[in-house]
Amino acid sequence: MTWLVWRQHRIQFCLGAALLAAFAALIVITGVQVADQYHAAQAACAAGTGCSHPAGLFLGSRVVGFLVISTLGAPVLVGLFWGAPLLAAEFEAGTTQFAWMQSVTRRRWLTVKVGWMLLAAAVWGGVISILVTWWSGPDNAQQLDAFKPGRFDIMGLVPVAYSLFAMALGIAAGALLRRTLPAIAVTLAGFIAVRALIALLLRPHYLSTVTTFYNVVRGYTPAGAYWQTAQGVLSPDGRPVPQPNNVPYLYGIPQNALPASCARAVNGTSPTPSCLQALAHYRGFISYQPADRYWAFQGIETGIFLALAAALIALTAWAVLRRDV
Amino acid sequence: MMTRQEVPGPCRSSVGVPGASTGAAEPVAIQTSGLSKRYGKVTALTDCTVTVPEGRISALIGPNGAGKTTLLRLLAGLARPTAGQASVNGTTPRQVPAFLADIGFLAQEIPLYRRLSAEDHIRACGHLNPRWDAASVRDRLNALNIPLDRAVGKLSGGQRAQVALALTLAKQPRLLLLDEPVAALDPLARRNFLGVLADAVAANGMTVVLSSHLVADLERVCDHLIMLASSRVQLCGDIDELLTEHQMLVGPRKDTTAIERRHRVVQVTRTPRQTTLLVRLNGPVIDPAFEASDVSLEELVLAYMGQDAPPALAHLTAIGEDQ
């Protein structure tokens, strides 16, 4: 059975491997340069010969940086081009009747086909994630944004789970619809919808956020690559201060909400002691997921997508093994 | 003018029927009882009871939509019956390698991987079957000048059918199920295909069920008949016996109640001067006014189809018989 799977899909496998190899070459070459620059800048800074601005550090690799961000879409590719046609194309061409009339049970046929495809999806997601995570190391250290939406989604474990989910979704859509093009469309729409819903609505609530209150003048920044979900200021009577756009702010407080003693400080002059005294009654707050929860969140999100993938594979098995053909 | 008469009763077969020429102990390749299949509200097969002894080449005949494909798929284990049982090679059709190894099924669409070559198929099947005679496929296809290394999608329809048949035969099944294998072929390819099939069966002694909606396709190679119409079995048994059991009686236009009481009348055709009866005999015909003659397989099949056909079609058949 494995031989047949290989013979049927060897072009896809080779194409996928070639894409990964090209991506790896690009990432490794530019990644080494980025890491060198970063370490040189760090050493210079430590030696006191000048700290270069971090933003300039990655300018030379902007194209690769864009490519790295765009790996956000890499997992769905395996679902679209490998998963959706896997069973749908066989149903369309009637070749299931060829395979099922060899001395191989339908269950074994399905297990081997789906098994190799899931393995391929895991390798695809895993290799891309390893490369992206490694390449982004200096960037993460500089920007401290590994936990933020968009970055969180392309590093660590989750790309593997997304790839497995996309593959399972494509296979299940193909098994139920039995037509390749509709299965591809459903896979694309389904993947985007599920990823967006979970990232936007569910992920912020995996663990309840930590809220820290602080003196607005002193300010407060949580340690490491935390994920901020809310930030604001409470007025002396304990109500949140509205935060309109396009007005000057002082210590996070908009001009119209500032105490009178601070009126002139907005224009750049240093605040008077009475102003600072008045500001002591304001409290800043920040709600966030601390940096040390990064792997817990990666684990939870991975678990959710693996469970979804497992459910889709179970649905596929039902559609292929239980239903008449 | 024609009267229609209901002929009740399920399939008869030579096995276990008193007076049959073959012994009751003859091994059976296929035995079904009350097999039915519904897809939603559509009834594809109703109460199908058939027996095919081992070594027969059975013609599964019926008009389009009669349930031929459904019966074959149930026998191959590709579909599950809604009611009734089937026994194939002594077991219920199911998804176990040992059962599948003994079944060769060639679907109507002749499913092959279009981008793969015949050689690829040979190698794939080699990995998928415990018994596999790769050399036989290569020999057969070489003899037919079919290239082994070309994608099968680029072969002609007749060549594809030959590749599929060679692959199915190389599995060395005990039971070969072929669903309208020659329907899409031109007359020459049809003859080649059936010739190859007949040779292979003669060499291996397997049982074959071969479906078609045309009697002429199957008459030369088959020795057993299952006839389906409107999802029901109309006729089943060895062709020689069926032909012996049925007679065409031609006589004057007169009352035929006496004959109908003794024999089973399948079809009656009356003209102003004479009456033609196709009967299933139950003993000798005593009435000297009627002259008995043998029936052809085609006449037999048409008669049984006619009794099930809608009145308009039956009328046309009757006119045809008159001439």
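Me: How many residues of chain B are in contact with chain A in this predicted model?
Reply: The model is predicted, so local features need pLDDT of at least 70 and side-chain atom pairs count only at pLDDT 80 or more, while totals for chains, interfaces and linings use all residues. Residues are numbered from 1 along each chain as its sequence is written, and chains are lettered from A and ligands numbered from 1 in the order in which they are written. Two residues are in contact if their C-beta atoms, placed from the backbone, lie within 7 Å. On chain A 20 residues take part, and on chain B the number is 26.

Me: Which element gives the most to the side of chain B that touches chain A?
Reply: Helices (H or I, at least four residues) and strands (E, at least two) are DSSP runs, numbered from the N terminus. Helix H2 (97-101), strand E7 (103-106) and helix H3 (118-128) of chain B each supply at least two residues of this side. The most, six residues, comes from H3(B).

Me: How many residues on that side of chain B are nonpolar?
Reply: Ala, Val, Leu, Ile, Met, Phe, Trp, Tyr, Cys and Pro count as nonpolar, Asp, Glu, Lys and Arg as charged, and the others, Gly among them, as polar. The side of chain B that touches chain A has three polar and five charged residues, and its nonpolar residues number 18.

Me: Which element gives the most to the side of domain 1 of chain B that touches domain 2 of chain B?
Reply: The domain assignment, automatic or from a database, gives domain 1 (10-241) and domain 2 (244-322) in chain B. Twelve residues of domain 1 are in contact with eight residues of domain 2. With three residues, the most comes from H8(B).

Me: What is the strand order of the open sheet of three strands in chain A?
Reply: Two strands pair if DSSP finds at least two bridges between them. Strand E1 (210-215) and strand E2 (227-234) of chain A are the edge strands, each pairing on one side only. Seven bridges join E2(A) to strand E5 (residues 283-289) of chain A, and six join E1(A) to E5(A). With antiparallel pairing, the order is E1-E5-E2.

Me: Which residue in E5(A) is the bridge partner of A:Leu234?
Reply: Strands of a sheet pair through backbone hydrogen bonds, either parallel or antiparallel. E2(A) and E5(A) run antiparallel, and A:Ala230 stands opposite A:Ser287 in E5(A). For A:Leu234, the bridge partner in E5(A) is A:Arg283.
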